[in-house]
Amino acid sequence: MNENYSGLNVVDYVILSTLLLISASIGVYYRFSGGKQRTTKEYLLADRNMSFIPVAFSLMASFMSSITLLGVSSENYIYGTQFVVINLAYIIGTPLAAYFYLPVFYKLQHASVYKYLELRFGVATRLAASVAFVTQMILYIGIVLYAPALALNAVTGLNKIASIIAVGLVCTFYSTIGGMKAILITDVFQSVLMFASVICVCVKGSIDAGGMNKVWEIANEGGRIQFTDLRLDPSVRHTLWTQLIGGIFTFTSLYAVNQTQVQRLLTVNSLRKAQRSLWLNWPILTALSLTTSFAGISMYSRYANCDPLLEKHIRSPDQLLPYFVVDTMGHLPGVAGLFIAGIFSGSLSTVSSALNSLAAVTVQDFLVPCCFKKTSDARLAWVTQLVALSYGGISIAIAFVAEYLGGVLQASLTIFGVVGGPLLALFTIGMFSTVVEQKGALTGLIAGLAFSLWIGFGGPKPPIPRLPLRNDGCAEFLNATIDSTTEQYLSTISPSALPTVVMPADDYFPLYRISYMWYAPLGFLLTILVAQVVSRIVRFNVERRGISVQKINEELLSPMFPQCFRTSQHLPDPNLLLTPRCENYEEKQSHEDQTVSKI
Ligand SMILES: O=C(O)CCCC[C@@H]1SC[C@@H]2NC(=O)N[C@@H]21
């Protein structure tokens, strides 16, 4: 540890306060400009007149948080670069989201994606899916708030409780008062800070190592450079297959059918612009992911012979990035502050987006149907803000109980996979099957969720084999004398948190050995299988009794679902109300103004 580093100083705190102040001010600005957040259309969908560029940034920032910055850098350091291949899956997933799923939601134009499920599979399925989404997002934002607070506290001394409360309160404040417009604009500004903080690490790491080539060379010598592990063994944590196949399911569940992202895509006024946002999201997301991965191997190039985990200077891999910053740049005034601002930005952008989408789902799926059917839109906008505020409080509370996490990256991808796989399956069978009906869909969802929750959170799980770490070069590398301030930070450090094998891998229950990257595909497949089987049984019984089969509105099917697979019985159902086909918001504005309760 840098012996000149004596904790955060005034400049660092000024930089951090500036970030929080600017974010809060953007919220205040949107509170008092435009329509002043008096309608649900403005509050949840930014009046549907956003440009596709901030939406693209926001798509990236909503699911790339401090977890990516801390977790992806340490992933590359500890396990190597195989993880990076997931970004290739994301480019395959982009057209799937843009052309297979998005057109259906775009036609529907409802603030909650789960309205689709009600139209296709009934109210019970809609509610079950909404509950799964709310649970998934609350757990996720708990990690997003807690993880950076823990890592930064251990390394920089930043107060854990203060950072959870500061980030939690500020994003609750600006998302509650400024609505979707404030969230989209702050996301752009916060994305820039996220880039700035990892670029600093890459530049410093490369300069110290003697160039980017040297970083690569050292990482290669340490066995960190690996992109094509072709093993088919499903228990291997990251292979080309887990990253490509698992990555496609993860991306599609997040970007094609997740409320947070679909809601963003509805803030532009045409389907074409929404598709453009999705395409632009990919290079932004990949650039941040690759830069963060390179930051990971840059750190490795510094500690290849003297690892701070082995030396017990830090106790978890997620602390590597802040440790590197403090160690190499801690003496430069403001650098730690700028870095923490980048990490906080990752949390602010994700939590604010999540709060708004949770409010949308809660109001549209639960409160409107039960208690606010006849409420005016202005009042509903007010209720939605109260709900967003409440979720802010809940997320801060969850952050305090998110003690047991494991690696933050794997923890959040596990949550995404376990809930996202079955939810993606539900939308997929809705849009690409004319066979599945209500009972089958609901049973499939419950079975898929139960199965993936079981394999995802059941245990014991075998320890994860990691690449070798070395500390034989510490004598010449580190000053063994730790000054008193540093000692204060290290006093809580326990023995290495890295896993040790407690029993042979084969002795673990086979399903618990499966790589977490397979949870989404497995949950997806099981949901579809159960839904198909149950629906066919139901259908058989119904037809046997001479009752006609329920018809499906063609507008609920994906435009990419080939006509030849649509059976002739499934003709448009005039009883199901959908907004008219429209590419342009203006064309349908008058219609929507009359259907206040739909958004
Ligand atoms: O950052 C988060 O809040 C959650 C983790 C998201 C990880 C995904 S994996 C593909 C993409 N590339 C990254 O580097 N991170 C995201």
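Biologist: Before we dig in, what should I know about the numbering and the values?

Modeller: Residues count from 1 along each chain as its sequence is written, and side-chain values use heavy atoms, with hydrogens and water left out. Since this is a predicted model, local features need pLDDT of at least 70 and side-chain atom pairs count only at pLDDT 80 or more, while totals for chains, interfaces and linings use all residues.

Biologist: How many helices and strands does the chain have?

Modeller: Helices here are DSSP runs of H or I with at least four residues, strands are runs of E with at least two, and both are numbered from the N terminus. On that basis the secondary structure comes to 22 helices and 0 strands.

Biologist: And what percentage of the residues is buried?

Modeller: Buried means under 20% relative accessible area, exposed means over 50%, and partly exposed is in between, using a 1.4 Å probe and protein chains only. The chain has 599 residues, and the buried share of them is 60%.

Biologist: Which domains is the chain divided into, and how many Å apart are their C-alpha centres?

Modeller: The bounds come from an automatic or database domain assignment. Domain 1 covers 10–403, and domain 2 is made of 424–469 + 507–571. Between the C-alpha centres of domain 1 and domain 2 the distance is 27 Å.

Biologist: What area do domain 1 and domain 2 bury between them?

Modeller: Contact means heavy atoms within 4.5 Å, and 47 residues of domain 1 are in contact with 39 residues of domain 2. Buried area is the accessible area (1.4 Å probe) that two parts lose on being put together, summed over both. Carbon and sulfur atoms hold 74% of it here, and the total is about 3,700 Å².

Biologist: Which element gives the largest share of the side of domain 1 that touches domain 2?

Modeller: The elements giving two or more residues to that side are helix 4 (66–79), helix 5 (86–108), helix 6 (114–121), helix 7 (123–156) and helix 10 (240–255). The largest share is 10 residues, and it comes from helix 10.

Biologist: Why are the buried residues of helix 9 on the same side, and which helices do they pack against?

Modeller: Helix 9 spans residues 212–221, and its buried residues are Val215, Ile218 and Ala219. They cover an arc of only 100° around the axis, taken from the directions from the helix axis to the C-beta atoms, so they sit on the same side of helix 9. On the other side, Asn213 and Glu221 are exposed. The buried residues pack against helix 8 (160–209) and helix 12 (271–303).

Biologist: Is serine 353 buried or exposed, and which side chain does its own side chain join in a polar contact?

Modeller: Serine 353 is in helix 14 (residues 335–371), and at a relative accessible area of 0% it is buried. A polar atom of its side chain lies 2.8 Å from the backbone oxygen of serine 349. Leaving out residues up to four places away in sequence, serine 353 touches Ser62, Ile183, Asp187, Thr260 and Arg264. The side-chain polar contact, at 3.5 Å, is with aspartate 187.

Biologist: Where is alanine 46, and what is its phi?

Modeller: Alanine 46 is in the loop between helix 2 (40–45) and helix 3 (52–62), and at 0% relative accessibility it counts as buried. Arginine 48 is in the loop between helix 2 and helix 3, with a positive phi of about 55° although it is not a glycine. Alanine 46 is not a glycine either, yet its phi is positive, at about 50°.

Biologist: Which residues does a cis peptide bond join, and what is omega?

Modeller: Proline 460 is found in the loop between helix 17 (438–457) and helix 18 (474–477). The cis bond joins glycine 459 and proline 460, with omega at about 10°.

Conventions. Polar contact = N/O pair within 3.5 Å; in protein donor to acceptor, adjacent residues only side chain to side chain.
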